[in-house]
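Please look through the structure shown here, starting with its sheet and ending with a single side chain.

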Amino acid sequence: MNAMKAYKNRGNLSSHMTIYSKTLAIASLLAGALWPAAVSAQIELPRTAPTAGRDTIPATDIATIAPPETQLTLHANLSARNIVVKLGDNTIKTFDVAIGQDRYPTPTGEFTIERIVWNPSWHPPPNAAWAKGKTAKGPGEAGNPMKVVKIFFQDPTYYIHGTGDVESLGSAASHGCLRMDPNDVADLAKILMEHGGEPREENWFWRIIHSRREEKTIYLSTPIMLTIQG
């Protein structure tokens, strides 16, 4: 009788062990399926992290930002105190500017834009009476009259640049250069780079504009024509 009872107990234990083993196997399978998703959710990086701050353009994006076949040109009117950006015969942007004073006139004629400098440093022009006593300023430094970007049209003397004196826009106030609102000149430089064969992604411009101590020079592979008339 005792032998029969022991046999039944062993049978019940074996049955329980089989059920426990199956349950454990199923739980392990479920945990294995859920664990990668949980870990992925914990360590997932922002989508922009791999490319933030790099001067590279993914090949898949080149077709969407490549310069169009239609030629981009700039037209500065000193009397109207503005710069008109044209794509073929179509006007796409108009910007207010300050022009040179009577004794420091802005030159007229046709010019070629090939060099753009972001976060430019500033050096007082040698032998210029108006610059006497002024000292050089580094990129983004307080007192630097160049704001955000310089767009050279008669290198190295004349250029389009941002100004902190936005109240001067619409007047003859500069020493021969064309002054613009800092936000406007940044937009203009981006347009010129896109149509001048040197496009960049938005995170590139974000880094340049927010890292004001970094001076960055861009040479356009496709120069842009600027016409200045009185």
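The paragraphs below go from the sheet to the helices and then to one lysine.

This is a predicted model, in which local features need pLDDT of at least 70 and side-chain atom pairs count only at pLDDT 80 or more, while totals for chains, interfaces and linings use all residues. Residues are numbered from 1 along each chain as its sequence is written, and side-chain values use heavy atoms, with hydrogens and water left out.

Eight strands make up an open sheet of mixed pairing, in the order 3-2-1-10-5-6-7-9. Strands (E, at least two residues) and helices (H or I, at least four) are DSSP runs numbered from the N terminus; two strands pair if DSSP finds at least two bridges between them. Strand 3 (90-96) and strand 9 (178-180) are the edges: each has a single partner strand, so one side of each lacks a neighbour in the sheet. From one strand to the next, the twist averages 25 degrees. Strand 1 (residues 72-77) runs parallel to strand 10 (residues 216-229), and five bridges join them. His-75 has Thr-227 in strand 10 as its bridge partner.

Helix 3 (residues 182-195) packs on the sheet, where the strands it touches include strand 5 (109-118) and strand 6 (147-154), and its direction makes about 55 degrees with that of strand 6. Contact means heavy atoms within 4.5 Å; axes are lines fitted to C-alpha atoms, for helices over the stretch in contact, and angles run from 0 to 180 degrees between N-to-C directions. Helix 4 (residues 202-210) lies across strand 5 and strand 10, at about 80 degrees to strand 5.

Lys-190 belongs to helix 3. Not counting residues up to four places away in sequence, Lys-190 touches Trp-118, Glu-202 and Phe-205.
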